Amino acid sequence: MKILVNIKKKFIYAFIIFPRFIKYSLLSSSKNISGKAKFIQTCQLNGIGKIIFGNNVIIGWNSSPFLYSGYGYIDVRNYNAKIVIEDDVMINNNVVLINDGAGITISKNTLIGTQCEIIDSDFHDLRIESRTTGQANTLPVFIGENVFIGSNVKIMKGVNIGKNSVIANGSIVTKSIPENVVTGGVPARVIKNLLDKEVQIK
């Protein structure tokens, strides 16, 4: 039985896992990368800007959805673009990080759930007459230390999330969030303070 299990593992790696890593490595265009992350899920790294990985960064998770059906996407789209992922950050499957120039920073010990999207730009001018020709607004995104971001969360340009805060599943974060709070909703709002002694996390 153990022999069959080992054969199965080798088959999965040789015909499913390894080809996917080769595919997204070939599709990636980013050359300006500092540090090294552990990629459990395949990830496409694109753009001419800079990607900086701290120590012990993990992208992808084995026991979560989309491990083999999806992929991560990190894009630094111009020379001034920079995405910084600091030490001990754990990011689940299908993450999307797109930096159009202002910058994205994910601080130490942050946890990010599946299918999280973080962007620092509108990508198009919002004015009707110049939507395809105008300049998009960009603002930096900063996520503080020890933040817990649930699955299917979208974090928009200009957002600053304070340390230790929690962002509930499915939230769309359009404004900055203070430290030590639980937030949720569309758009996200503060639900409770984590430092309140009467708060019971259920």
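This is a predicted model: local features need pLDDT of at least 70, side-chain atom pairs count only at pLDDT 80 or more; totals for chains, interfaces and linings use all residues.
View 1. C43 takes part in no disulfide, and the nearest cysteine sulfur, which belongs to C116, is 13 Å away. Seen from the other residue, the closest cysteine sulfur to that of C116 is the one in C43, and because the separation is 13 Å, it is too far for a bond. Both side chains lie in buried positions by the computed areas: C43 counts as buried at 10% relative accessibility, while C116 is buried with a relative accessible area of 0%.

**View 2. The open sheet of six strands.** The strands of this open sheet follow the order β3-β6-β9-β12-β15-β18, and their pairing is parallel. At the edges are β3, which covers 43–47, and β18, which covers 172–173, each of them pairing on one side only. Within the sheet, strand β9 (residues 96–99) is joined to strand β12 (residues 117–119) by three bridges, and these two strands run parallel.

**View 3. Strand β19 and its two neighbours, β17 and β20.** Strand β17 (residues 166–167) is joined to β19 by two bridges in a parallel arrangement, with I167 having T183 of β19 as its bridge partner. Strand β20 (residues 189–193) is joined to β19 by four bridges, but here the strands run antiparallel, and V181 stands opposite N193 of β20. β19 and β20 form a hairpin with four residues between them, and in the turn G185 has a positive phi of about 115 degrees.

**View 4. The two covered faces of strand β19.** In a regular strand the side chains alternate between the two faces of the sheet. In β19 (residues 181–184) both faces are covered, with V181 and T183 buried on one side and V182 and G184 buried on the other.

**View 5. A nonpolar surface patch that includes V5 of helix α1.** The patch on the surface is formed by M1, I3, L4, V5 and I7, which together have about 580 Å² of accessible area. Among these residues, V5 has its place in helix α1 (residues 2–27), and with a relative accessible area of 37% V5 is partly exposed. Since patches are made of residues with over 30% relative accessible area, the 37% computed for V5 meets that cut-off.

Notes
Residues are numbered from 1 along each chain as its sequence is written. Side-chain values use heavy atoms; hydrogens and water are left out. Two strands pair if DSSP finds at least two bridges between them. Buried means under 20% relative accessible area, exposed over 50%, partly exposed in between (1.4 Å probe, protein chains only). Patches are made of residues with over 30% relative accessible area and no salt bridge: like charges are joined within 9 Å, nonpolar side chains (Val, Leu, Ile, Met, Phe, Trp, Tyr) within 5 Å. Accessible areas come from the Shrake-Rupley method with a 1.4 Å probe; for residues, only the protein chains shown count as cover. A salt bridge is a side-chain nitrogen of Lys or Arg within 4 Å of a carboxyl oxygen of Asp or Glu. A disulfide is a pair of cysteine sulfur atoms within 2.5 Å.
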